[in-house]
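Reader: Could we go through this model together? I would like to begin with strand pairing and then move to other topics.

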Amino acid sequence: MTARPHASLGRILDDLGSTLLELVYGDPSRPGDIDGVAIHDPIEEPVLAPHAIVLGVGVSEPVDLLLSLGRSDAAALVLRAPVPRSAELAAAAAESGVAVLALARGATWTQLAALLRSMLAEGDVGGGEPESLGGLPSGDLFAVANAIAALIDAPVTIEDRSSRVLAFSGRQDEADPSRVETVLGRQVPERFFRMLTENGVFRQLYTSDEPVYIEPPIDEFADFVVPRVAVGVRAGDEFLGSIWAAVHDKLSAERSQALRDAAKLVALHMLRIRAGADVERRLRSDLLATALEGGAGAREALSRLGLADLPVVVLALATAQSGHSTDAAVMSERQRLTDGLAMHLSAVHPRCAVALIGDVAYGLLPVTRGSDDQGVRVATDFLERVGNRTPAFIGVSPVATDVSGLADARSSADRAVQVLRSGTTHGSRVARLADVYVEALVLELRDLVAARGGHVTGPVARLAAYDEKHSTNLVETLRAWLDAFGDVIAAAAAVHVHPNTFRYRLRRLTEISGIDLADADHRFAAMLQLRVFPLP
């Protein structure tokens, strides 16, 4: 069979219509694949992908917005239901060519954005023809759910091991309020999950391939009134999830067999999705690494990522744990942050790329202005959202205007995030190299000296040896004097001693070390050693 376009407006309404979205005005058969989701910003005009769906969060006067979106070739504007119908709104939709959709009450904008992006994600990287499993597009669980619903004549949901809804069929309005709540929340509500667990339903699903019939509990839940039939989905001995149908009577033998067969097909699609996600993640990592290296294949890699000829900034995200740790928990947390960064950047610009390379997650963010200020704002906002559960830092590069500048941009972001990781920036979590260039130079010198096996020498070495032998603090005195630019009063206050005591120590350290504090080269050499070497 021929696969349906994976990102057409008609496809989205087929899969999400009646439950989440309602067509108010417009032509759902308008040609052209949808290539992005954007949230309307009344202050700053967003960058829209071709035929984008725009989420009109808080929009109450949509007519002028529709005309503006028409000039940007948007496909649809989603408004919160109920949408007042008017001749003016209908005319604006017709003139702009932008469909008007209504988001159902009870559904959140976050749920809708996540659903739309998951549906549009298929085929983002690469250009191969879609595969099929059982005559249906590979990995298209919405198409599978609709096919199962047709076979057993009942609305269907497909859920994972944690009872999260992966896909659902049409006709959900034929079920009951509990099903609608499940679909809108993309998760079986806790009270139903607990009841099903206590009644042994999940135990049966885990241990049997047979469909399980569930009668609504009498007088316990007023919104659970339609019986369910569920069957486990497994690959070998691995439990992947389950299929749930809202039925009005027990299934016939033929439909029970159809449901069992459908579970095997769903297992193949779920495995294909899991494998595809792993393959796509590796592919994006390879493409992003190739682009950042700036070699011969960089332009082709950027083209496949959809970023050719766009000015971009490089974001380098790293956790406090340095090195290429193989600890499973650390790697899982890094991947979680990487996925979060990818979702965050996709809301800022429809064309961005994020991948975990080694222990650093790199993001390429197109910018609309020739400044890296936007990258700093986006990075800061992301870290504020994820909180402090895992200490994380982001280095932001200058704008790279072409392929040749990407390697230097990555190096700049790497150096900035290395400084942030070192803890020498007094709590900063986002920085450009220009913000921390002094600390970056000192770190690089420290690494160079360590690689060559260098150690402190000259007057500073003599002071350190004297302090260790006599339990004095002459190195501290020298450091305070240099930091205070020779101001004895300020230096004495910094080390909490009387100025006369400090002057005495200063004379002693010059006698012991032989340093000439009037000589600029001597002062520079001492200050450099105190910065580079880890002295007490």
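Reader: In which sense do strand S8 and S12 pair, and over how many bridges?

Author: The model is a predicted one. In it, strand S8 (residues 156–160) pairs with S12 in the antiparallel sense, over five bridges. Within this pairing, glutamate 159 has serine 242 of S12 as its bridge partner.

Reader: And how many bridges join strand S11 to S12?

Author: Eight bridges join S11 (residues 228–235) to S12, and these strands run antiparallel. Valine 229 stands opposite alanine 245 in S12.

Reader: What do S11 and S12 form, and how many residues lie between them?

Author: They form a hairpin with two residues between them. In the turn, glycine 236 has a positive phi of about 65°.

Reader: Why is S12 described as largely enclosed by the rest of the structure?

Author: S12 spans residues 238–246, and eight of its nine residues are buried, so the strand is largely enclosed by the rest of the structure.

Reader: Turning to charges, how many salt bridges does the structure hold?

Author: The structure holds 20 salt bridges. One of them joins arginine 421 to aspartate 359, with the closest N and O atoms 3.3 Å apart. This pair links distant parts of the chain, 62 residues apart: arginine 421 is in helix H13 (residues 406–422), and aspartate 359 is in the loop between strands S14 and S15.

Reader: Is aspartate 359 buried or exposed?

Author: Aspartate 359 counts as buried, at 9% relative accessibility. Arginine 421 is partly exposed, with a relative accessible area of 22%.

Reader: What about aspartate 373: which residue does it form a salt bridge with?

Author: Aspartate 373 forms a salt bridge with arginine 432, the closest N and O atoms being 2.9 Å apart. Aspartate 373 lies in helix H12 and arginine 432 in strand S17, so the pair ties together parts that are 59 residues apart in sequence.

Reader: Which residues are linked in a network of salt bridges?

Author: Asp153, Arg171 and Glu174 are linked in such a network.

Reader: Finally, confidence. Where is it lowest in the protein chain, and where highest?

Author: Confidence is lowest in strand S6 (residues 132–133), at a mean of 57, and highest in strand S16 (residues 392–396), at 95. The mean pLDDT of the protein chain is 84, and 90% of its residues reach 70 or more. Over residues 123–130, pLDDT stays under 50. Where pLDDT is low, the predicted coordinates should not be read in detail.

Technical notes: Residues are numbered from 1 along each chain as its sequence is written. This is a predicted model: local features need pLDDT of at least 70, side-chain atom pairs count only at pLDDT 80 or more; totals for chains, interfaces and linings use all residues. Side-chain values use heavy atoms; hydrogens and water are left out. Buried means under 20% relative accessible area, exposed over 50%, partly exposed in between (1.4 Å probe, protein chains only). Helices (H or I, at least four residues) and strands (E, at least two) are DSSP runs, numbered from the N terminus. Two strands pair if DSSP finds at least two bridges between them. pLDDT is the predictor's confidence in each residue, from 0 to 100. Contact means heavy atoms within 4.5 Å. A salt bridge is a side-chain nitrogen of Lys or Arg within 4 Å of a carboxyl oxygen of Asp or Glu.
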